[in-house]
Amino acid sequence: MGWFYRIAGRFPRLVIAKRNLSRAKARSALAAAAILIGVVAIGTIGAGGAAFKQSQLNLIQDQGANSVYLVPGPDHDAGYFDREDVRGIEGTVGEGGIVATNQVGMDLETRTGGRQPISVTFTDDPRVVYDVARGEIPQSWRQQAVVSAGFARERDLGVGDRFTVIDETDGDETRRIYRVTAVLAETQAFGVSEVFLPMSELGERQYTQIEVRTRSVDRAEATAERLRTEYNDRKNRLFVFELTSLVRFFKSIVNGINIFLAGLAAISLLVAGVSIANTMLMAVIKRREEIGVRRAVGYSRLDVVRILLVEAGMLGAIGAAVGITISLLATMLANATFLGDPFAFTGESVQYLLGAVAFGLVTSLLAGAYPAWRAANERPVDALRD
């Protein structure tokens, strides 16, 4: 421990505080352990909860929380969107990306000659919204189909395979054969169509839904409000759907639970403060004569307070250092479980970890304040007489 004394030689209070704590190793260890438990409880609960919340927000965003969905309202003239509508919406949303589609129901002709209902979406390019796992979508996309991962798996279809869809319009039945040009990657988004066909197959460009893609939940909310103001001032020409209210509701629930649990964990730090206060009071009683001698040889009241506060701070620092190490390991485990990356620390989780350390240190200093004040205000004559 020579290095300690070389460093602490410039700070004699550290040397005195360390020596005093080493006299009662058991009590000091228990007091530091109490701080450790409190720091671990607050840091792990808060940071682990933040990792869980972020994982669920990522899931909601994957399902379209950053997007605004538009369908024709009851006062829309045509009942569907045309190119002029799309250009008008593009001008309103500005920076948002537009994905216009037409979703219909058709039948799939099975290999035994039967029929199965499927959802079909006509679009210009599915890659704007989804990732392609197998195959590729050519520039001239005609008489070819892109299928979802689930559709390909359930029907045992791969790139290059063909299938037949049956379209019934106004009593007329049309059979069309399409070759699978690409299979989409797995996604957790809801409402994914099973089959995607090029818009050219429709003939006229009529869209039943427009998705406005934004970069964040806040921008999605602002975009939805702008569209409502622009198009639904006097008539309901658009139905506007967005998931921002769900995101806000989820955040409020998780934040409330996190704060409640962290509050319960903070109680353990209050218990730790009582333990430190008890440890310091016992130290003051046992070292009453020593403190009196120091006062007699010239130590001021402030010097005594500083020495005892350094002792309390050292107990808190030791407990907080070990506690934050355990909390970091536990948070890395939570990050790996919920986010898939042990080092995916969010800003909120870092705040909880730093807050736990700060709370532990402040609790230690506050717990040592009264014993320090009591020792400093005792007259040296009274201490030496006893």
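Guide: Start with a cut-off. Buried means under 20% relative accessible area, exposed means over 50%, and partly exposed lies in between. The model is predicted.

Now take I257. I257 has a relative accessible area of 47%, so I257 is partly exposed. Its place is in helix α7, residues 244-286. I257 also belongs to a nonpolar surface patch of about 840 Å².

Next, strand β10. This strand covers residues 238-242. Its covered face carries L238, V240 and E242. Its uncovered face carries F239 and F241. In a regular strand, side chains alternate between the two faces of the sheet.

β10 has a partner in strand β1, residues 67-72. The two pair in the antiparallel sense, over five bridges. L238 of β10 is the bridge partner of P72.

Then turn to strand β6, residues 162-169. β6 pairs with strand β2, residues 97-109. That pairing is antiparallel and runs over three bridges. Within it, V165 in β6 stands opposite L108.

β6 also pairs with strand β7, residues 172-184. Here the sense is again antiparallel, with eight bridges. E173 in β7 stands opposite E168.

Conventions: Residues numbered from 1 in each chain as written. Predicted model: local features only at pLDDT ≥ 70, side-chain atom pairs only at ≥ 80, totals over all residues. Heavy atoms only, no water. Patch = residues over 30% accessible without salt bridge, like charges linked within 9 Å, V, L, I, M, F, W, Y side chains within 5 Å. Areas by Shrake-Rupley, 256 points an atom, 1.4 Å probe, with all protein chains shown as cover. Salt bridge = Lys/Arg side-chain N within 4 Å of Asp/Glu carboxyl O. Helix = DSSP H or I, 4+ residues; strand = E, 2+ residues; numbered from the N terminus. Buried < 20%, exposed > 50% of the residue type's maximum accessible area, 1.4 Å probe, protein only. Pairing = 2+ DSSP bridges.
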